[in-house]
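Student: I am new to this structure and would like to learn how to read its features. Could you take me through some of them, one at a time?

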Amino acid sequence: MAMTDILSAQDIEAALTSCQAADSFSYKSFFSKVGLKSKSTDQIKTIFGILDQDKSGFIEEDELQLFLQNFSSSARALTAAETKAFMAAGDTDGDGKIGVDEFQALVKA
């Protein structure tokens with residue numbers, strides 16, 4: 001399954017364009033622009049499965065750094081500061097990774 005099976009290519013492009021500059025990524029803005037906020041629980045779980053590159057059931061920091069590249073291979077990597085802020089917002093239980101329930105809560109926040 002591809003991101004474009006759930007999200008529109010135009011919305012993905014607009015969301016990626018909005019955070020091209022280093023340190024301009026905001027997960028709240030990105031989730032809204034890409035159309036993820038309006039998706040169902042099952043659709044968000046599917047997106048989580050795509051983001052979980054190693055299929056561990058969690059999104060770890062190295063996967064989070066490459067978050068934007070899941071939407072387009074030409075997208076930039078998140079900066080260290082962006083990655084840390086994104087992880088801090090999503091990792092509500094403090095285990096150093098984001099689970100599917102944490103991801104859903106982050107998307108809907």
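Student: Is F48 buried or exposed?

Tutor: Please keep in mind that this is a predicted model. A residue counts as buried when its relative accessible area is under 20%, and F48, with a relative accessible area of 5%, is therefore buried. F103 is also counted as buried, at 2% relative accessibility.

Student: How many aromatic pairs does the structure hold, and how is such a pair described?

Tutor: A pair of aromatic rings is described by the distance of the centres and the angle of the planes. The structure holds 13 aromatic pairs. In the pair of F48 and F103, the ring centres are 5.7 Å apart and the planes stand at 50 degrees, so this pair is tilted. Because F48 lies in helix α3 and F103 in helix α6 (residues 100-108), the pair ties together parts that are 55 residues apart in sequence. Both F48 and F103 belong to one aromatic cluster, whose members also include F25, Y27, F30, F31, F67, F71 and F86.

Student: Which residues does UniProt list for "binding site"?

Tutor: The unreviewed UniProt entry lists D52, D54, S56, F58 and E63 under that heading. D52 is found in the loop between α3 (41-51) and β1 (58-59), whereas E63 has its place in helix α4 (residues 61-65). D52 is buried, with a relative accessible area of 4%, and E63 counts as buried at 7%. Setting aside residues up to four places away in sequence, D52 touches G57, F58, I59 and E63, while E63, with its neighbours within four places likewise left out, is in contact with L51, D52, Q53, D54 and F58. As for F58, the charged end of K97 sits over its ring, 4.3 Å from the centre.

Student: Which residues does the annotation "domain: EF-hand" cover?

Tutor: According to the unreviewed UniProt entry, that annotation covers residues 39-74 and 78-109. Over residues 39-74 the chain is 44% helix and 6% strand, with the end C-alpha atoms 25 Å apart; residues 78-109 are 62% helix and 6% strand, and their end C-alpha atoms lie 21 Å apart.

Student: Where is R76 found, and with which side chain does the side chain of R76 make a polar contact?

Tutor: R76 is found in the loop between α4 and α5 (80-90), and its side chain makes a polar contact with the side chain of E82 at 2.7 Å. A polar atom of the R76 side chain also lies 3.1 Å from the backbone oxygen of Q20.

Notes. Residues numbered from 1 in each chain as written. Predicted model: local features only at pLDDT ≥ 70, side-chain atom pairs only at ≥ 80, totals over all residues. Heavy atoms only, no water. UniProt positions renumbered as here; feature names shortened; annotations may be inferred. Helix = DSSP H or I, 4+ residues; strand = E, 2+ residues; numbered from the N terminus. Buried < 20%, exposed > 50% of the residue type's maximum accessible area, 1.4 Å probe, protein only. Contact = heavy atoms within 4.5 Å. Polar contact = N/O pair within 3.5 Å; in protein donor to acceptor, adjacent residues only side chain to side chain. Phe/Tyr/Trp six-rings, centres within 6.5 Å; stacked < 30°, edge-to-face > 60°. Lys NZ or Arg CZ within 6 Å of the ring centre and 35° of its normal.
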